[in-house]
Amino acid sequence: MDPDSDLIRIRSSKSREVLLNPGALAAAIRQANLSPGRETGGVLLGRFTGDKSVPIIYKCLPSTSDCQHSRASFSRGTRGLATLLRREFVRGYQYIGEWHTHPDGPSQPSCRDHLTMARIARSACYQIADPLLMILSGSEARGWKAAVRRYNKMGVTDRFAEIEASAALLEHEL
Ligand SMILES: [Zn+2]
């Protein structure tokens, strides 16, 4: 069986695609529900398809214990992350971006989000020229929407269609 057959397929207006593992989305929503009214997030891990054009989000890693978050801001920490990433890299995953929540907030990234992602695209440390940002907006009561964008060092290159996370998970029987 094709291991990628159960992935959620999200398209951009430019007909580009990103694939999202429903298990990763479910993990992010669980973490989002545990942090009502305060942003939370972490690293996105995944792979690219054979021709490198389509990113596949396989994992939304949990927040680190040194992250700083408030109602409308989030700074991902680094504690324990290097060890965790080394383990995941051995399994064949690579760093592909960041995710965080906007509880009861907009699905659009903030100015600071845009700057952070462009900085990551420019940085030699991350070794990715076109990182992804996934924002979960909403709440447990209202439901969460997932919005993915792809960046380069200048800013957003692709806006993917927003998806209703709970409905997408129901469709994928999670
Ligand atoms: Zn944000």
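## Basis

Two strands pair if DSSP finds at least two bridges between them. Helices (H or I, at least four residues) and strands (E, at least two) are DSSP runs, numbered from the N terminus.

This is a predicted model: local features need pLDDT of at least 70, side-chain atom pairs count only at pLDDT 80 or more, and totals for chains, interfaces and linings use all residues. Residues are numbered from 1 along each chain as its sequence is written.

## Strand 3 and its partners

Strand 3 spans residues 41-48. Strand 7 (residues 94-103) runs antiparallel to strand 3, joined by 6 bridges. Here Val43 stands opposite Glu98.

Strand 4 (residues 55-60) also pairs with strand 3, antiparallel, over 5 bridges. Phe48 has Pro55 of strand 4 as its bridge partner. The hairpin of these two strands has 6 residues between them. Lys52 takes a positive phi near 70 degrees in this hairpin.

## Burial and core

A residue is buried if 20 or more other C-beta atoms lie within 10 Å of its own, exposed if 12 or fewer, and partly exposed in between; C-beta atoms are placed from the backbone.

A nonpolar core is a set of buried Ala, Val, Leu, Ile, Met, Phe, Trp, Tyr and Cys residues joined through C-beta atoms within 7 Å. The largest has 35 residues; Leu44, Ile57, Met134 and Ala146 touch the most other members. Elements that each supply at least two residues include strand 3, helix 3 (111-122) and strand 9 (143-152).
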